[in-house]
Amino acid sequence: MSGMACSELKIIGFLCNWCSYGGADTAGVARFRQPTDLRIIRLPCTGRMDPLFVLKALLGGADGVLVSGCHPFDCHYSSGNFMARRRLEVLARFLPVLGIDPRRFVYTWVSAAEGAKWQAVVTAFTETIHELGPAPRVLDPDDAPLRFKEGREIWPT
Amino acid sequence: MADVAALRRTVLEILPRVDLVIGWQRGPDALRAAPLLMRNAADVDRLIWDRTCVHNLATFLPREKGKKVAIIVKGCDSRSVIQLVQEGLVDREDLTVIGLPCDGVVSQAKLRRAADMDRLESAEIGADHVEITAAGKTLRMALDAVMPDKCLSCAYPNALLFDRFVGDPMEPPQQRQDPYARLDAFEALPLEERFDFWKREMSRCIRCYACRNACPLCVCRDYCLAESRQPHYQSQESDVREKWFFQLIHATHLAGRCTECGECERACPMGIPVLLFKKKLGRIMTELFQYEAGLDVSATAPLLTFQAEEENIVEKQWL
């Protein structure tokens with residue numbers, strides 16, 4: 001599991017409340033080993049996913065973004081994931097024109113019972129991101145407004 | 001190009017029945033036009049129709065909603081009108097569309113590259129050439145060399161939606177350029193170069209929102225996400241990330257709606273090729289959903305609907 005060997009990267013996970021968040025919980029309760037690079041944001045449904053969330057994350061310094069929801073036909077709101085699938089597929093195909101590696105963004109479906117699948121997804125995606133390395137930064141930290149620089153000096157990381 | 005006298009006659013005929021007619025007038029110089037809102041017969045004398053009429057006047061429609069409006073459109077502009085009607089952003093009953101055939105306009109950006117247009121003295125547009133005298137030098141150029149890219153790959157020379165058509169419909173001119181030629185060239189660059197290209201280009205953006213204001217389908221105006229505090233998508237910082245993100249808001253909000261009229265790029269005072277984003281999204285829409293925006297008033301935009309079994313989407317398999 002190369003994802004655990006080197007230093008952590010920033011991966012943002014957008015998970016649907018009804019399936020994938022439960023799936024991640026199932027994996028946790030079952031004590032499956034997982035890389036710890038993923039920061040999870042819980043959504044009511046993948047239909048809530050605005051492609052701009054992903055773009056904001058990627059431009060804002062995330063190294064990878066993972067979106068996961070209910071399997072098609074299993075959406076709690078019946079069609080949220082169908083709508084999301086179209087939007088996210090368009091986004092995935094759009095990323096290369098921005099110069100962002102399309103492998104840094106993945107959307108998938110994991111149900112609340114699929115703890116083992118969740119472990120596999122997180123591990124595989126984290127590995128891909130580690131192979132790609134840190135994403136190129138849009139904004140050099142030195143270009144940041146002064147008050148953020150001061151912040152870094154007060155709380156160096 | 002249709003006869004301007006015939007166009008004026010049509011406008012005069014329609015004018016009593018509407019609140020205003022939107023057309024073009026002569027702009028600051030011989031090669032520039034400006035939008036013209038005609039409210040009475042005297043205004044109609046200022047109406048022009050020639051190759052300098054580049055503006056997509058559909059931009060004015062959403063803000064005139066509720067009034068009886070007549071609008072003069074070229075083929076490409078009519079697609080924006082269709083899209084606005086399709087989305088219910090203008091009422092078809094309130095709208096009178098005067099359609100025109102058009103075989104191309106001239107691009108200020110291309111003219112500027114060839115001559116000092118700030119010191120333009122005289123200009124003459126012929127059947128297949130443009131002759132300009134600027135800063136004491138006379139230059140004769142082929143019309144194709146100064147047409148915008150969209151005219152070189154035009155597929156819809158006649159207005160697709162109209163109540164009155166002035167002139168004779170024309171055959172689509174021969175495509176002299178692939179509509180995605182520039183996108184293909186850009187996508188042939190390595191990923192890092194594309195990233196650096198946007199970093200450089202977006203750092204030049206002055207965040208004037210001209211692209212947004214010129215866009216016929218950017219209709220939120222005072223409620224634009226870029227200026228909203230709740231949700232606070234964007235700060236007012238002027239760094240490249242915010243400026244780039246603004247363009248991505250513009251592009252993603254137009255996904256499946258954009259007719260690629262190119263007004264955003266034409267309006268950009270910094271000459272940033274922001275149309276590339278929309279071209280890419282347009283091509284994705286064709287690939288995934290075989291959909292082209294602005295052709296059918298009764299169609300549903302692909303991102304507002306779905307199929308339970310998508311034909312062209314292959315989902316990622318794990319393990």
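User: Two strands pair if DSSP finds at least two bridges between them, and strands (E, at least two residues) and helices (H or I, at least four) are DSSP runs, numbered from the N terminus. Which residue in E8(B) is the bridge partner of B:Gly99?

Analyst: This is a predicted model, in which local features need pLDDT of at least 70, side-chain atom pairs count only at pLDDT 80 or more, and totals for chains, interfaces and linings use all residues. Residues are numbered from 1 along each chain as its sequence is written, chains are lettered from A and ligands numbered from 1 in the order in which they are written, and side-chain values use heavy atoms, leaving out hydrogens and water. Strand E4 (residues 95-99) of chain B pairs with E8(B) in the parallel sense over 2 bridges. In E8(B), B:Gly99 has as its bridge partner B:Phe165.

User: Which strands stand at the edges of the sheet, each with a single partner strand?

Analyst: The open sheet has 5 strands with mixed pairing, in the order E2-E1-E3-E4-E8 (chain B). One side of each edge strand is left without a neighbour in the sheet, because each has a single partner strand. These edge strands of chain B are E2 (33-38) and E8 (164-165).

User: What angle does the direction of helix H1 of chain B make with that of E4(B)?

Analyst: Contact means heavy atoms within 4.5 Å, and H1 (residues 4-14) touches E1 (20-26), E2, E3 (69-73), E4 and E8 of chain B. Axes are lines fitted to C-alpha atoms, for helices over the stretch in contact, and angles run from 0 to 180 degrees between N-to-C directions. The direction of H1 makes with that of E4(B) an angle of about 170°.

User: Is B:Glu121 buried or exposed?

Analyst: B:Glu121 is found in strand E5 (residues 120-125) of chain B. Beyond its neighbours within four places in sequence, B:Glu121 is in contact with B:Thr133, B:Ala134, B:Ala135 and B:Gly136. Buried means under 20% relative accessible area, exposed over 50%, and partly exposed in between (1.4 Å probe, protein chains only). At 53%, B:Glu121 is exposed.

User: How many salt bridges are there between chain A and chain B?

Analyst: The contact takes 41 residues from chain A and 46 residues from chain B. A salt bridge is a side-chain nitrogen of Lys or Arg within 4 Å of a carboxyl oxygen of Asp or Glu. One of them joins the side chains of A:Arg86 and B:Glu310 (2.8 Å, N to O). Between chain A and chain B the count is 3.
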